[in-house]
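Hi everyone, thanks for coming. Please have a look at the sequence and the model on the screen, and then we'll walk through a few parts together.

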Amino acid sequence: MADRSGSQSSVDITMKVTTTPEAHLAFTNLAYCSTSDLSQFAIPGTDLFLANVADSIQDGTIALNAVQRRHARVSADDMVTIARFVPPEKFDLTLLALDLQFVKKGTKNEQVDAVVLSTQLKKKFMYQVFTVGQRVTFEFHGTNYILTVDQAVVEADWNKKSGIGRGMICNDTYFVFEASNASGIKIMNQREAATRKIFKEKEFNLESLGIGGLNAEFVEIFRRAFAYRTYPLHVRNRIGAKNVKGILLYGPPGTGKTLMARQIGKMLNGKEPKIVNGPEVLSKFVGETEKNVRDLFADAENDQRTLGDDSELHVIIFDEIDAICKSRGSSRDGTGVHDSIVNQLLTKIDGVEALNNVLVIGMTNRMDMLDEALLRSGRLEVHIEIGLPDEAGRVQILHIHTKMMKENSFLAPDVNLQELAAQTKNYSGAELEGVVKSATSYALNRHLDIEDLSKPVDEENIKVTMDDFLQALRE
Ligand code: ADP
């Protein structure tokens with residue numbers, strides 16, 4: 001087991017080792033003691049935390065099973081020192097997510113609030129290591145529950161979640177609860193618990209998600225569209241806070257609107273959102289376009305009908321929404337098709353067939369072309385401009401798109417991203433990506449022997465240099 005060099009002793013406590021029956025129930029990392037006040041204590045130099053509490057254990061003693069005693073190099077009746085655990089600054093076992101399954105049978109229709117339960121679990125188990133398969137006994141509102149650890153996710157990059165066997169609970173840990181029908185337990189507010197976590201993630205560096213220069217916009221979207229989602233339904237109802245039904249992202253092409261919309265969708269319900277392309281929804285057959293729009297909402301409609309408030313959120317993203325929602329009466333085809341599509345969409349968002357479980361994200365380069373009715377309160381009401389990146393944003397974007405070549409030592413040390421950012425005023429994210437591609441092509445080309453293309457390439461020595469970038473800029 002790893003030595004935790006982060007253990008520090010502000011107040012050291014000496015305890016006597018015992019082998020009471022509880023010790024046999026202890027999980028490898030978690031030892032039994034008499035009081036939960038010691039739950040953030042560990043035996044320095046080991047993986048052993050005092051996490052489990054049992055009344056039968058005397059004050060001043062710690063119950064260790066054989067495996068634990070061997071690990072801590074102690075025997076029964078020895079004295080051991082325990083100290084408050086302080087994790088090292090960069091602790092690589094930080095748990096990002098933990099899936100827990102209820103094992104204990106609850107009483108029929110017992111309800112457990114995921115938000116409250118998460119807070120309590122964190123309070124009790126902060127800085128403790130959990131391992132897949134481990135059982136955790138936990139008292140909540142006077143009832144003892146048994147949870148098993150189903151999955152532990154430690155990778156800090158949200159896009160590259162990696163499940164591993166174990167990890168440590170910390171402030172950022174996010175719990176996913178699961179209860180089988182047989183357990184009789186109903187989990188409330190799992191989604192609120194999830195969005196609370198997401199809300200914290202606004203401090204997350206968007207760069208790690210491959211989106212550069214848009215932190216302020218992202219935070220703005222969260223404040224305006226999602227802050228309320230971090231509160232439980234009953235609080236929102238009391239304040240009278242209504243769901244935001246739609247967001248419009250507007251600005252020049254290639255600035256990251258799609259990246260952003262996709263990310264928001266993914267963060268809100270954990271899966272790839274549906275993206276529809278405005279022009280593709282249009283059909284030359286009468287009535288077919290309206291049907292296409294209706295079909296897009298069919299899943300959400302079905303969930304709302306069958307699950308009510310428990311329905312998951314459906315995020316529907318319209319790229320080039322101007323193509324289907326032109327100002328009414330402005331289309332020159334005279335068929336009125338656009339008018340009826342706008343009406344169709346509005347019906348789903350706030351009309352007679354309104355759905356509470358959808359969030360529509362529209363994207364456009366031409367906000368001026370949009371039917372104003374679509375932009376009113378209760379519809380696509382949050383408008384966020386995604387503009388061209390400033391210099392700092394351009395550095396971030398260049399950084400993102402050169403990350404891989406840098407990691408694989410293909411980026412020459414003379415490449416100065418700051419300097420390139422200074423020289424690319426008014427470039428969009430997509431154009432900056434184009435510059436990187438073009439610079440790469442110059443470097444690759446240099447290593448080819450045009451006379452003899454069958455000659456093997458010396459791949460280890462390919463370097464994309466500052467000159468390649470400057471040449472790409474001159475194109
Ligand atoms: P939009 O939807 O605004 O037209 P996209 O999000 O489709 O633009 O951007 C196209 C591509 O350009 C992206 O897939 C990405 O590779 C690159 N790109 C654009 N903006 C950014 C950005 N802010 N950060 C990183 N890459 C970007």
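At what angle do the axes of helix 14 and helix 15 cross? Before I answer, please keep in mind that this is a predicted model. Now the answer: the two axes cross at roughly 120 degrees, and they come within 8 Å. That makes helix 14 oblique to helix 15, and their crossing is right-handed. If you are new to this, two packed helices are described by the angle between their axes and the distance between the axes.

Who does the touching here? From helix 14 we have Val435, Ser438, Ala439, Tyr442 and Ala443, and they meet Asp468, Phe469, Gln471, Ala472 and Leu473 of helix 15. Sorted by class, this contact holds 7 nonpolar, 2 polar and 1 charged residues.

Let's stay with helix 14, which covers residues 429-446. Helix 12, residues 391-407, also packs against helix 14: the axes come within 9 Å and cross at roughly 45 degrees. That makes helix 12 oblique to helix 14, and this crossing is right-handed. Helix 12 brings Arg394, Ile397, Leu398, His401 and Thr402 to the contact, while helix 14 brings Gly429, Leu432, Glu433 and Val436. The classes for this contact are 4 nonpolar, 3 polar and 2 charged residues.

Now, on to the ligand. Which residues come nearest to the ligand? Of the 18 residues around the ligand, they are Gly256, Lys257, Thr258, Gly429 and Ala430. Helix 12 and helix 14 each give at least two residues to the shell around the ligand, and so does helix 7, residues 257-269. By class, that shell has 8 nonpolar, 8 polar and 2 charged residues.

Last stop, the sheet. In general, strands of a sheet pair through backbone hydrogen bonds, either parallel or antiparallel. In our model there is an open sheet of 5 strands with parallel pairing, in the order 17-18-19-16-20. Strand 17 (274-277) and strand 20 (380-385) stand at the edges with a single partner strand each, so one side of each has no neighbour in the sheet. From one strand to the next, the twist averages 20 degrees.

Let's zoom in on one pair.

Conventions:
Residues numbered from 1 in each chain as written. Predicted model: local features only at pLDDT ≥ 70, side-chain atom pairs only at ≥ 80, totals over all residues. Axes fitted to C-alpha atoms, helices over the stretch in contact; angles between N-to-C directions. Helix = DSSP H or I, 4+ residues; strand = E, 2+ residues; numbered from the N terminus. Parallel < 35°, antiparallel > 145°, perpendicular 65-115°, else oblique. Left-handed = near helix turned anticlockwise from the far one by under 90°. Contact = placed C-beta atoms within 7 Å. Nonpolar A, V, L, I, M, F, W, Y, C, P; charged D, E, K, R; others polar. Near = placed C-beta within 6 Å. Pairing = 2+ DSSP bridges.
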